[in-house]
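Reader: I am new to this structure. Could you show me how to read it, one feature at a time?

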2 protein chains.
Amino acid sequence: VTSASDRVLGIDVGGTAIKIAVVWSDGHVARADEIPTLADAGPEQAVGRILDCGRKLLDTEGVRRDELRVVGMDSAGIVDLANGLVLDAPNLRSWECFPLAARLGDALGVPVFLENDVNAMTYAEWQLGAGTGARHLVCLTLGTGVGGGLVLDGRLYRGARHAGGELGHMTLQRDGPRCPCGSTGCLERYIGTAAIVERTRRHLERDERPSRLRETPAEALTPRAVSEAAAAGDAIARGVLEETGRWLGVGLASLANIFDPERIIIGGGVAKAGDLLLEPARAMLRERAMKVPAERVLVVPAALGNQASVAGAALLALGRVQG
Amino acid sequence: VTSASDRVLGIDVGGTAIKIAVVWSDGHVARADEIPTLADAGPEQAVGRILDCGRKLLDTEGVRRDELRVVGMDSAGIVDLANGLVLDAPNLRSWECFPLAARLGDALGVPVFLENDVNAMTYAEWQLGAGTGARHLVCLTLGTGVGGGLVLDGRLYRGARHAGGELGHMTLQRDGPRCPCGSTGCLERYIGTAAIVERTRRHLERDERPSRLRETPAEALTPRAVSEAAAAGDAIARGVLEETGRWLGVGLASLANIFDPERIIIGGGVAKAGDLLLEPARAMLRERAMKVPAERVLVVPAALGNQASVAGAALLALGRVQG
């Protein structure tokens, strides 16, 4: 049994940065820090730096070693939950099959559990964020990749080999553009970062209205820049978000028909555009989904921001030591 | 607690016919009969005929009234499980909101439970058919409509308002043909009965090779006729099944990415074409789905035929009285 005074270390391993945080057993992130992943240098070098950073955070928070109950980690890619290792992650190739959880667990003397990052984020949003109270939840994260998480019948759903929830790789247009996954016309090819940037370029070429995005250098033409321009009233940026939102809505209609969820949560950088993205998505969902799911599902932005994953990983790990 | 000697009445309400069966508690269908639905004449007239037929079957099977434990019904459409009524079913419009389960339950003196027909079929295939032993199962039934059933983490999945599993209404091609559901380019529009018939006509027009389907009168040009011709070696019929199988595979790839299931079961009339339909589907799935789910998922034909729904409805009802 855990108590309210239990402290958990949450570790979120991304392709660029590793977030480390001291998390309370109610999911509150008490203190967090970030170190570079240096993904190409392999996992060995990172283990030592993760331990240094984690121990420093625990000390600063005044957490004694015997108060640390468990460590919850998450990473991108397909994760082997039973053995605590990354099986398949394009941005962490040299980390694949490295016994990450076991190595950290040996050093810290507590159990370490590894989870997929979108699952960790979904779990946190369900427990503490935009999904509280729901039993049927679909979570989409928009970024370079488009990830998915599922809470079905009140449980996090992972699939037979923990490879489920790849919602970014639903086909929306069979004869659509090639996707890095090898398929064509995937949702990710219409609402992922690359698609939004390409769409912005196309709109700027075709539409002669003034736009602050015309002065933006190519490397700064990001979904964030588009969202900011749209928020400031830029018509071309708004058009880009609207078209992106409509494609999102095509995917959401399929997901509503498949899952009949209570809520769909949209997270990730672009989701910060809020209703400029979500209203066209909701309209398209209502237009395309069956009556019952379309009428009742709520499409909402994620609530927890970029600390969702560490908090979720910590809570999932606590759940696993509690049985 | 039920015992092996418990008998259940299974009732499958379709738009054309009502199947009634005495089912043992292990799912064995001991005796079955069929009566016309006369859907447009409303549900009142059917209740009496269902009771007559059911009582006759019980008598013939030598089942005493006190041995009948429970009745399991299923119907097409969206079903209100708690109140045992059909909420939304295009082929049973005048049955909507009629207290079907309560009326039959009052007459028979046992609890009557209503379930969606594809869920009942999926449950039977899971317990007794092509899905035994799996914890993650996707079921597709191919017919006029394309229905879906889901077993996720070892439980039948229904969604927040029992409207989930509408797998026939995933978008595969946003700019594809209009679907009766109101959307465009749904899976059903590529592999449902109407799509297969249209495709057959197109192939017959474009392809001048001889085919027994050229002599088939328009009203007899059904998916069954296509399957039979293909089984007999008809090249045009085989081409139609192959194109249909490839579209099926586009849908299966999305479903594999979403659910990472152990097995996908294909049922309904067209599925009788077997590997002539399923091999192109499997090839397309492997081509388009992510590596982990694509490598491991099995795509198999349904095993139980058209008695799956009554058996499944009966077993689900037994499960509900057992708690």
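Reader: How many salt bridges does the rule find across the interface of chain A and chain B?

Author: Start with the general idea. Side chains of opposite charge can pair when their charged atoms come close. Now the case here. The model is predicted. Across the interface of chain A and chain B, the rule finds two salt bridges. A:Arg161 pairs with B:Asp260, with the closest N and O atoms 2.6 Å apart. B:Arg161 pairs with A:Asp260, and there the closest N and O atoms are also 2.6 Å apart. B:Arg161 lies in the loop between strand E10 (155–156) and helix H4 (188–191) of chain B, and A:Asp260 in the loop between H7 and strand E11 (263–268) of chain A, so the pair joins two chains.

Reader: Are B:Arg161 and A:Asp260 buried or exposed?

Author: Both B:Arg161 and A:Asp260 are buried.

Reader: What area is buried between chain A and chain B?

Author: About 4100 Å² is buried between the two chains, and carbon and sulfur atoms give 49% of that area. In chain A, the residues that lose the most area to chain B are A:Arg161, A:Arg174 and A:Arg288. Together they account for 20% of what that side buries. Contacts can be counted too: 47 residues of chain A are in contact with 47 residues of chain B.

Reader: Turn to H7 of chain B. What should its 25 residues span at 1.5 Å a residue?

Author: The 25 residues of helix H7 (residues 235–259) of chain B should span 36 Å, and the end C-alpha atoms are 35 Å apart, which agrees. Then look at burial. In H7(B), 19 of the 25 residues are buried, so the helix is largely enclosed by the rest of the structure. Finish with the ends. B:Asp234 caps the N-terminal end of H7(B), with a side-chain oxygen 3.2 Å from the backbone nitrogen of B:Ile236. Just after H7(B), B:Asp260 has a positive phi of about 45 degrees. B:Asp260 is also the partner of A:Arg161 in a salt bridge.

Reader: Which residues are buried in H1(B)?

Author: They are B:Ala46, B:Val47, B:Ile50, B:Leu51, B:Cys53, B:Gly54, B:Leu57 and B:Leu58. Now see what the buried residues pack against. The partners in chain B are strand E1 (7–13), strand E2 (17–24), strand E3 (29–36), strand E4 (68–75) and helix H2 (100–108). Helix H1 (residues 44–60) of chain B has 17 residues and reaches 25 Å from first C-alpha to last, close to the 24 Å expected. After H1(B) comes B:Gly62, with a positive phi near 70 degrees.

Reader: How do I read one residue? Where is the place of B:Glu115?

Author: Take place, burial, then neighbours. B:Glu115 sits in strand E7 (residues 112–116) of chain B. Its relative accessibility is 3%, so B:Glu115 counts as buried. Its side chain makes a polar contact of 3.1 Å with the side chain of B:Asn119. Beyond four places away in sequence, B:Glu115 touches residues including B:Met73, B:Asp74, B:Leu156 and B:Arg158.

Key
Residues are numbered from 1 along each chain as its sequence is written. Chains are lettered from A and ligands numbered from 1 in the order in which they are written. This is a predicted model: local features need pLDDT of at least 70, side-chain atom pairs count only at pLDDT 80 or more; totals for chains, interfaces and linings use all residues. Side-chain values use heavy atoms; hydrogens and water are left out. Helices (H or I, at least four residues) and strands (E, at least two) are DSSP runs, numbered from the N terminus. Buried means under 20% relative accessible area, exposed over 50%, partly exposed in between (1.4 Å probe, protein chains only). A polar contact is a pair of N or O atoms within 3.5 Å; within protein, one must be able to donate a hydrogen and the other to accept it, and residues adjacent in sequence count only if both atoms are side-chain atoms. Contact means heavy atoms within 4.5 Å. Buried area is the accessible area (1.4 Å probe) that two parts lose on being put together, summed over both. A salt bridge is a side-chain nitrogen of Lys or Arg within 4 Å of a carboxyl oxygen of Asp or Glu. The expected span of a helix is 1.5 Å times one less than its number of residues.
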